[in-house]
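Here is a short report on one protein chain. Keep the structure in view as you read.

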Amino acid sequence: QAHRKEVTFERSFEPGEFYKPVGVGPHPEPWPTGDQFDPELLAHGDRRNVSDEYRYLTVTAIRERLAASRSSVHVAIENWQHDLNIGSLVRTANAFNVAGVHIIGNKHWNQHGALLTDKYLEMHHHATPADLRVYAQQNALEIVGFDNLPGAIALDRFTFSPNSVLLFGNEGTGLTTDAVEISTNLVEITQYGSVRSMNASAAGAIALYAWTAQHRPTAR
């Protein structure tokens, strides 16, 4: 009988969202001056997951710069199951520099995928979908629920209001009945595969890209 050779594989450690970015080391002297710079980061290096233009800046300084160019769109997600996708959606919201992120339901959410990007965002908590509706009414925002329910409008045929709240449910369960009721419109992302739905972080990225294409096109 031939002996079967045992093959082992080494794990590949490629750069990605689950590995800390290398960042930059200590800033060469002389250091830049101003309250916007963090002395600890200047002295020891900035290993945060931020773009180069924000290196060595304090969290407050980064938030102030982002506030000057925030998009008018908001993102909201129901948090009933401590869904792993919530953190990833928050990270995507930071990438699009949204006006606010709204957590509905449990106040404590799964922050793993956010990679601390929530520090640079305006975070809001609402106990129920009805509370989000009150906020939306007070701030003249239109709530757009995302789910592949009967009567939903295909995303490629939908025109967003500039002042929208894009509302997502948890993976598997989708939007709750209460979330559907507060939505001015229901929108679905057309799919061509066998799965019933995609997770909230993927749906959020597609939806934010679609909103941006309509209301914040690139200068290039």
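## The largest pocket

Two helices, α2 (59-67) and α3, each supply at least two residues of the lining of the largest pocket. This is a predicted model.

The largest pocket has a volume of about 460 Å³. Its lining is made of 18 residues. Nearest the centre of the pocket lie S51, Y54, L66, N94 and A95. Sorted by class, the lining has 7 nonpolar, 8 polar and 3 charged residues.

## Two packed helices

Helix α3 also packs against another helix. It covers residues 85-95, and its partner α6 covers residues 200-215. Their axes are 8 Å apart, and the angle between them is about 20°. That makes α3 roughly parallel to α6, because angles under 35 degrees count as roughly parallel. The crossing of the two helices is right-handed.

Which residues of α3 and α6 meet? From α3 come N85, S88, L89, T92 and A93. From α6 come A200, S201, G204, A205 and L208. By class, this contact has 5 nonpolar and 5 polar residues. It has no charged residues.

## The cavity

How many cavities of 30 Å³ or more does the structure hold? The number is 1. The largest cavity has a volume of about 240 Å³. Its lining counts 19 residues, and the closest to the centre are F146, D147, S197, M198 and A203.

Helix α6 turns up again here. Both α6 and strand β7 (185-188) supply at least two residues each to the lining of the largest cavity. By class, the lining of this cavity has 7 nonpolar, 8 polar and 4 charged residues.

## Two backbone details

Look next at the segment before α1 (39-44), where P30 is found. A cis peptide bond joins E29 and P30. The omega angle of this bond is about 5°.

Now move to the loop between α1 and α2, the place of Y56.

## Recap

Note on methods. Residues are numbered from 1 along each chain as its sequence is written. This is a predicted model: local features need pLDDT of at least 70, side-chain atom pairs count only at pLDDT 80 or more; totals for chains, interfaces and linings use all residues. Side-chain values use heavy atoms; hydrogens and water are left out. Axes are lines fitted to C-alpha atoms, for helices over the stretch in contact, and angles run from 0 to 180 degrees between N-to-C directions. Helices (H or I, at least four residues) and strands (E, at least two) are DSSP runs, numbered from the N terminus. Angles under 35 degrees count as roughly parallel, over 145 as roughly antiparallel, 65 to 115 as roughly perpendicular and the rest as oblique. A crossing is left-handed if the near helix is turned anticlockwise from the far one by less than a right angle, and right-handed if clockwise. Contact means heavy atoms within 4.5 Å. Ala, Val, Leu, Ile, Met, Phe, Trp, Tyr, Cys and Pro count as nonpolar, Asp, Glu, Lys and Arg as charged, and the others, Gly among them, as polar. On a 1 Å grid over the protein atoms alone, a cavity is a set of points where a 1.4 Å probe fits but cannot get out, and a pocket is an open set with protein on both sides within 12 Å along at least five of seven lines; lining residues have an atom within 4 Å of a point. Grid points are joined across faces, edges and corners, and a volume is the space filled by probe spheres set on the points.
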